[in-house]
Amino acid sequence: MPTALAARTTPTALWNDSAEIGELRRSIAWGAVGATCNPVIALAAIGADRPRWTARLRELAAERPTAGESELGWAVVEELSVEAATLLLPAFEASGGRNGRLSVQTDPRLHRDADALVEQAVRFSGLAPNVIVKIPATRTGIVAMEEAAYRGVSLNATVSFTVPQALAVAEAVERGLDRRAAEGLPEQEFGHVCTIMGGRLDDWLKVWVASQRLLVDPGHLEWAGVAALKKAHHLFVERGYRVRILSAAFRNVLQWSELQGGDLVVSPPFDWQARINENRVPVRPHAVDEPVAREHLDALLALPEFRRAYDEDGMTPEEFEDFGATRRTLRQFLEADAALDALVRDVLVPA
C-alpha cells in the first residue's frame, strides 16, 4: 500500500486527520503515527458512534448535575482524545516523542484571549503524555504559542494557511524554547508542528478569484496549497527550526504525493488514505524537493492574494485574522462548537 510504503521508506510521517477510533486503528495499520481532532472532527467522530456517546453524555450529566452544554460536550471531546492518544502511545515511545501524537484543539471561542488559550493548552497537555495542543495562528494565537511552548506544551499551530503564518509560528516556538533553555528547564522532544491547511488556501483563492471576476485556469489553483507547503518546509529546514510543517485540509491527491520525502507530516482524512491506497498512487521519495511547475507558479504569483500567502513577508501578524481563509475556518470551528452544544442539548432536554 502506498501509505505504508511511504511511511517505511521516507522520513515523511503519516497522521490520520481524525480521532475516530475505528478509522484510527485502520490508519495505524497503513503507517499512521499520529492523529488530530478539532471541533468539526470531534462532532463527526461522536456522530459516527452516536449511541455510545449519547449514553456517555447522560452519565456525565448525572455525575455533573450543574454542568452546562459546553462543559459536557468538551468533556466528551477530551475522553475521545485520550482514547485515541492511547492507541498512539507505541509510536510515541518508539520515536522518542517526535511522533505518536494526538492533537487536541483549544476551544475556538477563546481565539481572542491569549491567556485563556495558554491555560487551556496547559490543561490539555496533561490529558496524556502524547497530547499535542492546537492553537490558532492568529496574532493572539502567536502570543499564546510562545508562552505555551515556554511552559512545556507540545504545539500544533492550526487555522494556518500561509508561509508568513508558518514563519511567525516557528519563531514564536523558538522564543519559547529559548526561554526554557535560559532558565535551565528540561529539554525534550516536544514534537512541535505547524499545520498549513493547503486545501483551505485553495478554497479561499477560488472564492477570491470569483469575487474579483478573474478567469484563471482552475488547474493552477489546485497547486496553491502545495506551493505554500513546499516553500514553508524548505524554509523551516534551511533555518533549522525545531518545528515541522504539517499538511492538512486535503482537497486533492497532490497534497499527499507532492510532499513525500521530507521531514514533515502529511495528515490526510481516512478516506483520502483509502483512495490513495486503492489507486496505488506512486510514492516519489524526493517529491517535496521538486519545484512546482513554472506555469502553475507564474499563474498563481499573478494573483495578489496568493502572493500574500506565499511571500515570506506577505502579511504581518496583525493581518492574519483578517485573511479570508482564517475568517472562514474560524467561523466553521465556532459553528461546530455550537453544533456540539446542540447535540448535548438534545440529550439533556430531548424534544
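This short talk covers the pockets and the nonpolar cores of one structure. Keep in mind that the model is predicted.

I will start with the largest pocket. Its volume is about 260 Å³. Its lining is made up of 20 residues, and those nearest the centre are Asp17, Asn38, Ile41, Met197 and Ala249. Which elements give two or more residues to that lining? There are helices, H3 at 39-48 and H17 at 324-348, and there are strands, E5 at 155-158, E6 at 193-197 and E7 at 244-248. Sorted by class, the lining of the largest pocket holds 9 nonpolar, 7 polar and 4 charged residues.

Next, the second largest pocket, with about 190 Å³ of space. Here 13 residues form the lining. Leu177, Gln188, Glu189, Phe190 and Arg242 lie nearest the centre of this pocket. Helix H8, residues 163-182, contributes the most to the lining, with 3 residues. By class, the lining of the second largest pocket splits into 6 charged, 4 nonpolar and 3 polar residues.

Now the cores. How many residues are in the largest nonpolar core? The count is 106, and Phe236, Ile245 and Phe306 are the members that touch the most others. Take Phe236 as an example. Setting aside neighbours within four places in sequence, Phe236 is in contact with Ala166, Leu167, Ala170 and Cys194, among others. Also on its contact list are Tyr241, Val243, Arg244 and Ile245. Apart from this there is a second, separate core of 7 residues, including Trp15, Val193, Leu246 and Ala248.

How values were computed. Residues are numbered from 1 along each chain as its sequence is written. This is a predicted model: local features need pLDDT of at least 70, side-chain atom pairs count only at pLDDT 80 or more; totals for chains, interfaces and linings use all residues. Side-chain values use heavy atoms; hydrogens and water are left out. On a 1 Å grid over the protein atoms alone, a cavity is a set of points where a 1.4 Å probe fits but cannot get out, and a pocket is an open set with protein on both sides within 12 Å along at least five of seven lines; lining residues have an atom within 4 Å of a point. Grid points are joined across faces, edges and corners, and a volume is the space filled by probe spheres set on the points. Helices (H or I, at least four residues) and strands (E, at least two) are DSSP runs, numbered from the N terminus. Ala, Val, Leu, Ile, Met, Phe, Trp, Tyr, Cys and Pro count as nonpolar, Asp, Glu, Lys and Arg as charged, and the others, Gly among them, as polar. A nonpolar core is a set of buried Ala, Val, Leu, Ile, Met, Phe, Trp, Tyr and Cys residues joined through side-chain atoms within 4.5 Å. Buried means under 20% relative accessible area, exposed over 50%, partly exposed in between (1.4 Å probe, protein chains only). Contact means heavy atoms within 4.5 Å.
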